[in-house]
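Thanks, everyone. I will take a few minutes on one interface and go through how the two chains meet.

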Protein chains: 6
Amino acid sequence: MTHPISRYPVPEINDLPDDIKQMALAIQEKVGFVPNVFLALAHRPEEFRAFFAYHDALMEKDSGVSKADREMIVVATSSDNGCQYCVAAHGAILRIRARNPLLADQVAVNYRKADITPKQKAMLDYAMKVSQRAEEVGDADFETLRGHGFSDDDIWDIGAITAFFGMSNRLANMTSMRPNDEFYQMGR
Amino acid sequence: MTHPISRYPVPEINDLPDDIKQMALAIQEKVGFVPNVFLALAHRPEEFRAFFAYHDALMEKDSGVSKADREMIVVATSSDNGCQYCVAAHGAILRIRARNPLLADQVAVNYRKADITPKQKAMLDYAMKVSQRAEEVGDADFETLRGHGFSDDDIWDIGAITAFFGMSNRLANMTSMRPNDEFYQMGR
Amino acid sequence: MTHPISRYPVPEINDLPDDIKQMALAIQEKVGFVPNVFLALAHRPEEFRAFFAYHDALMEKDSGVSKADREMIVVATSSDNGCQYCVAAHGAILRIRARNPLLADQVAVNYRKADITPKQKAMLDYAMKVSQRAEEVGDADFETLRGHGFSDDDIWDIGAITAFFGMSNRLANMTSMRPNDEFYQMGR
Amino acid sequence: MTHPISRYPVPEINDLPDDIKQMALAIQEKVGFVPNVFLALAHRPEEFRAFFAYHDALMEKDSGVSKADREMIVVATSSDNGCQYCVAAHGAILRIRARNPLLADQVAVNYRKADITPKQKAMLDYAMKVSQRAEEVGDADFETLRGHGFSDDDIWDIGAITAFFGMSNRLANMTSMRPNDEFYQMGR
Amino acid sequence: MTHPISRYPVPEINDLPDDIKQMALAIQEKVGFVPNVFLALAHRPEEFRAFFAYHDALMEKDSGVSKADREMIVVATSSDNGCQYCVAAHGAILRIRARNPLLADQVAVNYRKADITPKQKAMLDYAMKVSQRAEEVGDADFETLRGHGFSDDDIWDIGAITAFFGMSNRLANMTSMRPNDEFYQMGR
Amino acid sequence: MTHPISRYPVPEINDLPDDIKQMALAIQEKVGFVPNVFLALAHRPEEFRAFFAYHDALMEKDSGVSKADREMIVVATSSDNGCQYCVAAHGAILRIRARNPLLADQVAVNYRKADITPKQKAMLDYAMKVSQRAEEVGDADFETLRGHGFSDDDIWDIGAITAFFGMSNRLANMTSMRPNDEFYQMGR
């Protein structure tokens, strides 16, 4: 009953366009395996390139929102969106970045009861609002977050990460993208 | 930022009524620690006794629904109810009973994409319906489950386990019951 | 078009295990008939015993929440869960305990517009939150209820009654448990 | 803690415009009291006249949908809309028209488990769809109802009654309209 | 793929009862065409008369809520109810009455982000609450609106217009009522 | 009461990085004005570049889904997400590409009642499912769409466009991005 990586064709690494192949090999070098999202999205090379450019613009840069906190946003909203891939993969990264083996599972099940600070809870409240009902976001949300010490550019980061992974969650669910088994064990 | 076991007073093991103390020591003997639910619910000894009598009547007996499948029901519905304790504790038991380190996390995030059989998916579809909108349960649900080979008594078990853990999820959330750290690592 | 007591087999009173038979006869002695929940749940004697032990631990004891108010919690949440049996049976008990022939119907349709005190409305607001989204229960809910004069143990009672009858509602809906006709007329 | 008839001013019968006064006296003659909806809506005489003209056009005429079934539509949808007035008043009329003391309470709590025919259940399924998500009504709904023997004009009646009482429910809730105590006892 | 005016028979103007025919001709004289709602509802003359009497009682009279603001209520709630006819027809009237070609589309998509005053936003917040969950309307809503300068009779108007068009939206959706093409262009 | 383009700082065109400035000037040349999304997202040049690369990969290429149909997907899902910018801008493009002045407004209010083919309705049903509950997407959805003549790659396009604009809707709502006034009039 094991599902394939994607319901769409998955290219062999050697059949990938060269730039994508280099990216896949670089990540394999770094973490020891090629995360399935690289294989599943490579079915569409143009979209692949834009996806990872966007991903890196949000997740790799410096920000007032720490890298661990950014992963926490991904885990909370991806769990709410029922996305196997993102919860498994970013849960692993969160465990590693936060050096905490419990946090990812806590945030995935119910961030309100997780071992986080009030500031982190406010961050995730906002992320969930952007995820579930962005049409209601307004000045009061910005006031609340500023009151916790977030700058307006931090608030953009929280919202944009949520929005980007909301797209990613939908892509993963429509392709039935399968997380690599390795993710479940990382950082525990 | 670590939460306590419960927002209510938690008795010392030596202060427990004798029958409850024996139960706590027996489980400690078996799994190596006292699961926090024993301590949190011991705040109310009468309710504790009824809770575990009910739990054992549903989870320890023989049934057409395997013990691993029963844990799967608990994990799927408890995750939907945002219950940290039940997902952590029964996720651990599911990993052990199914001898599968991935299944509990898959079922917690999105059982529709988990590595399960169509019969197990039908079982979880029904459990989710009992959990979310039992008022709509009707003959058609029974027909569907019978078509997958479940007897009417199996269907009672699926529904009763869902109903019992729906209560348990609400108790855990209203007391902010904390899972023991040990659960997160078991069976991986 | 009259439905049977349960979609599952209903034992004859004389075929019941002796302890259950004594309970059924005692209640018959007291109210003049055997409430169908005794017959429907007797299909599973072990579960029956735990169910009523739990029920009595919550509903028969002394508490800062009056017996009439406890019935009000049952009626409000059971109506929201679409449970014929619990609304009919506990509506009857509420009419009797509150000596008020209108209150049960008011609470069943919309407790916010019922003839109740602000303290009772706060109690039912909390019960509905535990019933519908216990995962969001937090400190602010406890502060609100304490402000109305509830102790933390009263708050446990409100939540635990809600949780227990949430289970009961699901059991009644999955078995299509039929209320005795007598309930509809009691206390009017 | 008894609420007034309406949160808006309620005119004395003798202060009503003559045509409205005659309507109020006629209904008082017929049922023994003036239903509060006559007093609450008389705050706005023009709206009052249109309201009752519409009401009578839908509820008093001949139709393939019996008068009892029309009341059943009102009770089911008004209960779902949390409308005290309409459930109490039309529950009373339903008990009388159907010569059945249980049916109104059954339909108010969960029409799916009420003692009704499959044709009546299909009627209420459609009424609930018009009430909750009319934007999704389409050809398939008409096919289903025709299959149960409803004509297209019957289907108009079911939908229009639902729509009219959806308005009525909102008016009653915004004015906190109180049902007369007499309704609760009628037809039991 | 052009839909007809209604899924029900639509009478010829010359076959209409005389009072209805005069109404249709009068509106045709005024706006240059007969709005389809006159034809679709004329299938039921008694209901037609009550409908328009009610409509005019709410929409033509003087009120503390301006005629443009009343149209805004219709557009916001009708869009939320997915009603083609009411959004097209009352969007056109709103553009004309507010002398603003953008406002109707803004309000239809998301009134929270429209070019409106805080008082108008409070008005629409209340209208949406009456539309979506009138059972929760209470004193706090009245306090909020009074704080923005609305009288209690203004609040009745806001709620009653919402309730009336909630009915109208359901009628339009159950008949698949088609807006006249002319509406889309008016007032731009 | 006119809102600014964005709640974040909006750069002058001459202050933009050169590649972004060229893009803005090229679109200005083509449509006569710079759409506000170019200015609002230019607050974050790296994200801007990835956003438009992704946009063009989905919207400018050849596909079994026509360009007009792709715009229809954007309008239907963006309206459901309450996004002023995307409904105004892509509504304009849809009117132009479909050479139909009514279609965009119909699809924005209720695509189920729009003048579209059954194949287009199936396409939008799927887009709405990906938008609202992608976690439930499964084989049955693919079977339905294949039955309407869509290839698996067409289905990817439908889902990926929905996912991308779901991100875009969230970005627009979190920044309160304002549509250019010109959009409302184009193609009517």
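The copies meet through the same surface, because 100% of the interface residues of chain F are also interface residues in chain A. Keep in mind that this is a predicted model.

The geometry goes with that. Chain F is superposed on chain A by a rotation of 180° with 0.0 Å of shift along its axis, at an RMSD of 0.0 Å. That is the relation of a two-fold axis.

Now the extent. Chain F brings 41 residues to the contact, and chain A brings 41 residues as well. About 3700 Å² is buried between chain F and chain A, and carbon and sulfur atoms give 61% of that area. On the chain F side, Tyr54(F), Trp156(F) and Arg170(F) supply 22% of the area that chain F buries against chain A, more than any other three residues.

Next, the polar part. Between chain F and chain A there are 18 residue pairs in polar contact, with both residues at pLDDT 80 or more. The salt bridges between chain F and chain A number six. One of them joins Asp157(F) to Arg44(A), with the closest N and O atoms 2.7 Å apart.

Which helices of chain F each supply at least two residues of the side that touches chain A? They are α2 (36-41), α3 (45-59), α7 (118-133), α8 (139-147) and α9 (152-175). With 15 residues, α9(F) gives the most to that side.

Last, composition. The side of chain F that touches chain A has 22 nonpolar, eight polar and eleven charged residues.

That is what I have for today.

Notes: Residues are numbered from 1 along each chain as its sequence is written. Chains are lettered from A and ligands numbered from 1 in the order in which they are written. This is a predicted model: local features need pLDDT of at least 70, side-chain atom pairs count only at pLDDT 80 or more; totals for chains, interfaces and linings use all residues. Side-chain values use heavy atoms; hydrogens and water are left out. Copies are superposed by least squares on the C-alpha atoms of residues with pLDDT of at least 70 in both. Contact means heavy atoms within 4.5 Å. Buried area is the accessible area (1.4 Å probe) that two parts lose on being put together, summed over both. A salt bridge is a side-chain nitrogen of Lys or Arg within 4 Å of a carboxyl oxygen of Asp or Glu. A polar contact is a pair of N or O atoms within 3.5 Å; within protein, one must be able to donate a hydrogen and the other to accept it, and residues adjacent in sequence count only if both atoms are side-chain atoms. Helices (H or I, at least four residues) and strands (E, at least two) are DSSP runs, numbered from the N terminus. Ala, Val, Leu, Ile, Met, Phe, Trp, Tyr, Cys and Pro count as nonpolar, Asp, Glu, Lys and Arg as charged, and the others, Gly among them, as polar.
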